[in-house]
Amino acid sequence: MKDCEPNQARIKVEIATSIDYGNYKAHKAIAVQINNFIKLNWSKISKEFKLPDLLTVKIRPIKGSFVGWARQSAGGKQYSIEIDPRRSTPKQILDTLFHELTHIDQYVSGRLKHVNGARIWLGSLVPEVKKYAVHSSQKNLDKYRNQPWEAEARRVGGEKSEEYMAVFNQFAGVKGLRL
Ligand SMILES: [Zn+2]
């Protein structure tokens with residue numbers, strides 16, 4: 001057997017039906033832009049993060065005040081991220097994409113784990129600030145944002161979105177084409 005590079009993480013991008021044909025059609029252009037950007041840059045992006053064999057990206061309106069999610073199934077076998085395309089700037093969308101990819105990296109590398117409702121970060125148990133608590137006060141929101149895995153995702157999201165912004169802009173305005 002010849003040596004080969006480790007298998008590249010595969011990517012699957014899904015755009016919600018409501019964006020394609022329904023109430024959120026106004027966001028179709030940006031959703032297609034995200035799709036095309038991810039697919040055509042995946043070989044580069046996927047080398048920057050520790051990722052599972054298959055990652056699903058869902059572009060869909062998210063209820064409530066969160067604009068993205070990163071999920072790991074209970075068995076740790078399935079990974080997905082969700083991105084809400086209803087943002088005021090393309091930069092915010094890119095920021096969210098790289099923020100959530102950072103969370104997937106944290107899960108896949110084992111730096112962040114969920115155990116019985118608690119979080120283990122770099123091997124230490126850290127009390128988790130629940131998502132629902134962030135709405136109750138600014139203090140809780142700050143606490144949520146300052147959890148180490150969130151601080152890291154925010155930093156990486158900010159840096160990578162800066163880095164890729166010009167490339168992302170090249171994919172703007174291609175209305176129908178979906179790669
Ligand atoms: Zn986060």
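Biologist: Which helix does Y144 lie in?

Modeller: Y144 lies in helix α4, residues 138-145. Helices here are DSSP runs of H or I with at least four residues, strands are E runs of at least two, and both are numbered from the N terminus. Before we go on: this is a predicted model, where local features need pLDDT of at least 70, side-chain atom pairs count only at pLDDT 80 or more, and totals for chains, interfaces and linings use all residues. Residues are numbered from 1 along each chain as its sequence is written, and side-chain values use heavy atoms, with hydrogens and water left out.

Biologist: Why is Y144 called buried?

Modeller: Buried means under 20% relative accessible area, exposed means over 50%, and partly exposed is in between, using a 1.4 Å probe and protein chains only. Y144 has 9% relative accessibility, so it counts as buried.

Biologist: What does Y144 touch?

Modeller: Leaving out residues up to four places away in sequence, Y144 touches F66, V129, K131, V134 and E150. A contact here is heavy atoms within 4.5 Å.

Biologist: Okay, zoom out. How many helices and strands are there?

Modeller: The chain has 5 helices and 7 strands. In sequence order they run β-α-α-β-β-β-α-β-β-β-α-α.

Biologist: Now D20. What makes D20 buried or exposed?

Modeller: D20 comes out at 10% relative accessibility, so D20 counts as buried. You'll find D20 in helix α1, residues 17-20.

Biologist: Which side chain does D20 make a polar contact with?

Modeller: That's K28, at 3.3 Å from side chain to side chain. A polar contact is a pair of N or O atoms within 3.5 Å; within protein, one must be able to donate a hydrogen and the other to accept it, and residues adjacent in sequence count only if both atoms are side-chain atoms. Beyond its neighbours within four places in sequence, D20 is in contact with I15, K25, K28 and R178.

Biologist: And K160, why is that lysine called buried?

Modeller: K160 has 16% relative accessibility, so K160 counts as buried. It sits in helix α5, residues 148-169, and its side chain has a polar contact of 3.0 Å with that of E163. Setting aside neighbours within four places in sequence, K160 is in contact with E48, F49 and F98.

Biologist: What about L122, buried or exposed?

Modeller: With 56% relative accessibility, L122 counts as exposed. L122 is in the loop between β6 (118-121) and β7 (124-126).

Biologist: What is phi of L122 near?

Modeller: Phi of L122 is near 50°, a positive value in a residue other than glycine. In general, most residues other than glycine have a negative phi.

Biologist: Why does G110 count as partly exposed?

Modeller: Because the relative accessibility of G110 is 27%, G110 counts as partly exposed. G110 lies in the loop between α3 (90-108) and β5 (112-115).

Biologist: How are G110 and L122 placed relative to each other?

Modeller: They are 12 residues apart along the chain, and their C-alpha atoms are separated by 7.8 Å.
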